[in-house]
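Here are my notes on the model you sent over. Have it open beside you and look up each residue as we go.

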Amino acid sequence: MSRRQLGAAALVLIALALVPVLASTYQTQLLTYGLTLAIAALGFNLLLGYTGLLSFGHSAYFGAGAYAVALMMRYSGITSMELFILGGLLASAALAALFGVVCVRHTRIFFAILTLALSQVLWTLAYKFFWITGGTDGLRVPFAKLTLVGGLVSADQFDKFVDAYYYYVLAVFCICVALMWLIVHSPFGKTLQAIRDNETRARFLGVRIWRYRWLAFLLSGTFTGLAGILWVPLNGLTTPDVLYWPQSGKIVFFAVLGGFRNFTGPIVGAVIFNYLEVYAIAATEYWQLALGVVLIVLVTFLPAGIVGTAQRLAARSR
Amino acid sequence: MEIVALQVLNSLFYAAVLFLIAAGLSLIFGVMGIVNMAHGSFYALGAYITAWAVAAAAPAIPAAALFVLLFVGALAVAAIGLALEPTLIRPFYRRPEEYQLLVTFGLLLVLEDLMRLVWGGTPRTASTLVDSLGLIQIGGLPYPVYNLVMIGVGVAAALALWAFVYRTKFGVLLRATAQDRRMAAALGINVERIYVLAFGLGCFMAGLGGAIVVPTQAAVLGMGVEVLVIAFVVVVIGGLGSLEGALVGALVVSALRTVTIQFWEEIELAALYLIAAIVLLIRPTGLFGRKG
């Protein structure tokens, strides 16, 4: 990491830390959503950007995290966020490990189809086994029942708790970004990129391609699961919708919007998408139509995404 | 025993519809090498357009003439496909697959919401067609004649497609282009024309699938994605790019679906994907697939 990059990261962090002080409760909450989604995008892009595998089924891991929290709350009465994170991570990692075994034997189109297919299976199971999952009614995860940091922080005052949860998510987000940065710049991450760029050559160098892809899949799913875990108390409810294909589509969209050839692209894409979605839904009933048009335009004319295009413009003006 | 006979017929009817959709998907992949994520939406479009046309024309023309509208629905979808391929899809043939998947995914989002915009959330039916043909007694149980006729249409479509691909000059050009695009272009074949016609044909079949289904069950929002996911299972089992594979896959999937719905409805899709996953593990290219 260069000094300039460190400086920029520090500035962004300070700005993010100031948000609850300067902005309204609503805006703080909105950005909390954005940060959780950014974690999902970060995880997704380990596969698309760094391993060259396009998953259309990341809703499965997001939903696994969310449902793990909801089921723990319903059946065991746990309220501690740390325990939720632990349980949710185990659930989404186990799921990603299992699905990964099947999916990583294939690349490109078959990979995309398989990931989509498996996530749809999970969706129908959540939908049809309603006596466990609540069916379309979903499961409630009341925000106010949550306790953070080993029970030290609980929801006595709504506004304060929103701020506290924001800082909690921000802290987890920073850990995730740092971890992912280390992963993609480690020898492991470099190997993934080598496999992405030339599979045959990597194989000749003695790299065990499936194992590396499987590990990338596992990490990617687990990060996305963590996003689901943090998201569900905020939303107060989990329904089969989080497992349904449009949720996967959204995660793909984050990465393409920001630019998946960039480390920061998906993060920026997720946060911007979150604002777009909230304000577009308020403005029009047909926001999915607008989304589709934006996606087609992006893919056709701006494949580098927002961050990639901005970098290119900045480089040209220098 | 009669129940079994009816379930076999139901399964065949469903297989006919699935074959039309999966064969279109496979054809487009086989010729152009792209997987059309919006393919299910073309099926839904076929269903909606047909239901809309039947509802509009039903009071004016006799019931027998309404059957022509099935093909009108399919042709309308083909026309949409013919317009979309050169404008939207063509720039993507030379780009990585991720982009091809993404652009057709964008198309899927647009089409799904356009259908909501035009036809709204209420289900659309065209059951007049089923009623007009009446019922037949099979072992003492009534069964709609419409379903029998449409199984026949499915068989006819399969035969016509086979003859078209393997017995006509255009079929030869199509297969040559599928095998080696550059060589075909060097030999003077108009590849762009082949592509646009193949895409239109694929869309026609998806649209026909939708048109056949809509008299028996209403056109609803989300039906496109639902069928896309099942069509993927069909082509994964049969082998992407193979028409024989689409036929066998459609028969397997519809039989499996009929059985699971009968005995354990909750695991229907899960069972389908389990089979697909097993096929992929044992034969990665499907039962009839070529190396992609």
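**Notes on the two-chain model**

1. Let's begin with a single residue. Glu82(A) sits in helix α4 of chain A, which covers residues 81–103. Before we go on, keep in mind that this is a predicted model. Is Glu82(A) buried, exposed or partly exposed? It counts as partly exposed, because 13 other C-beta atoms lie within 10 Å, and a residue needs 20 or more to be called buried. Glu82(A) is also 91 residues away from Phe173(A) in sequence, while their C-alpha atoms are 15 Å apart in space.

2. Phe173(A) takes us to another helix. It is one of the buried residues of α7(A), together with Tyr165(A), Tyr166(A), Val169(A), Cys176(A) and Met180(A). These buried residues pack against α1 (3–22), α2 (25–51) and α10 (209–235) of chain A. You can check the length of the helix yourself: α7 of chain A runs over residues 158–185, so its 28 residues at 1.5 Å each should span 40 Å. The end C-alpha atoms are 40 Å apart, which agrees.

3. Ile267(A) belongs to helix α12 of chain A, residues 265–283. Ile267(A) is buried because 27 other C-beta atoms lie within 10 Å, where the cut-off is 20 or more. Leaving out residues up to four places away in sequence, Ile267(A) touches Ala38(A), Ala41(A), Leu42(A) and Gly258(A). Gly77(A) is another story: 190 residues separate it from Ile267(A) in sequence, and the C-alpha to C-alpha distance is 33 Å.

4. Step back and look at chain A as a whole. It has 14 helices and 4 strands. The C-alpha atoms fill a box of roughly 55 × 50 × 40 Å along the principal axes. Of the residues in chain A, 47% count as buried. Take the contacts between residues at least 6 apart in sequence: 78% of them join residues at least 24 apart.

5. Do the same for chain B. How many helices and strands does chain B have? There are 13 helices and 2 strands. For its 292 residues, a compact globule would have a radius of gyration near 19 Å, and chain B has 19 Å, so the two agree. The C-alpha trace spans about 60 × 50 × 35 Å along the principal axes, and 50% of the residues in chain B are buried. Of the contacts with a separation of 6 or more, 77% are between residues 24 or more positions apart.

6. Tyr146(B), Asn147(B), Met150(B), Ile151(B), Gly154(B), Leu161(B) and Val165(B) are buried in α7(B). Among the elements of chain B that cover them are α1, β2 (141–144), α8 (169–179) and α12 (243–263).

7. Where do the chains meet? The contact takes 32 residues from chain A and 30 residues from chain B. On the chain A side, the elements giving two or more residues are α5 (108–128), α11 (245–258) and α13 (287–301). The largest share, 13 residues, comes from α5(A). By type, the chain A side divides into 22 nonpolar, 7 polar and 3 charged residues.

8. Next, the largest nonpolar core, which has 200 residues. The members that touch the most others are Ala41(A), Ala117(A), Leu18(B), Ala22(B), Ala231(B), Val233(B) and Val234(B). Helix α1 of chain B, residues 2–32, gives the largest share of this core, 18 residues. Ala22(B) touches Ala231(B), Val234(B), Val235(B), Ala246(B), Gly249(B) and Ala250(B), not counting residues up to four places away in sequence.

9. Last, the predictor's own scores. Chain B averages a pLDDT of 88, and 99% of its residues score at least 70. For the complex, the predictor gives an ipTM of 0.84 and a pTM of 0.85.

Definitions and conventions: Residues numbered from 1 in each chain as written. Chains lettered and ligands numbered in written order. Predicted model: local features only at pLDDT ≥ 70, side-chain atom pairs only at ≥ 80, totals over all residues. Contact = placed C-beta atoms within 7 Å. Nonpolar A, V, L, I, M, F, W, Y, C, P; charged D, E, K, R; others polar. Buried ≥ 20, exposed ≤ 12 C-beta atoms within 10 Å, placed from the backbone. Core = buried A, V, L, I, M, F, W, Y, C linked by C-beta atoms within 7 Å. pLDDT = per-residue confidence, 0-100. Rg over C-alpha atoms; globule rule 2.2 N^0.38 Å. Expected span 1.5 Å × (residues − 1).
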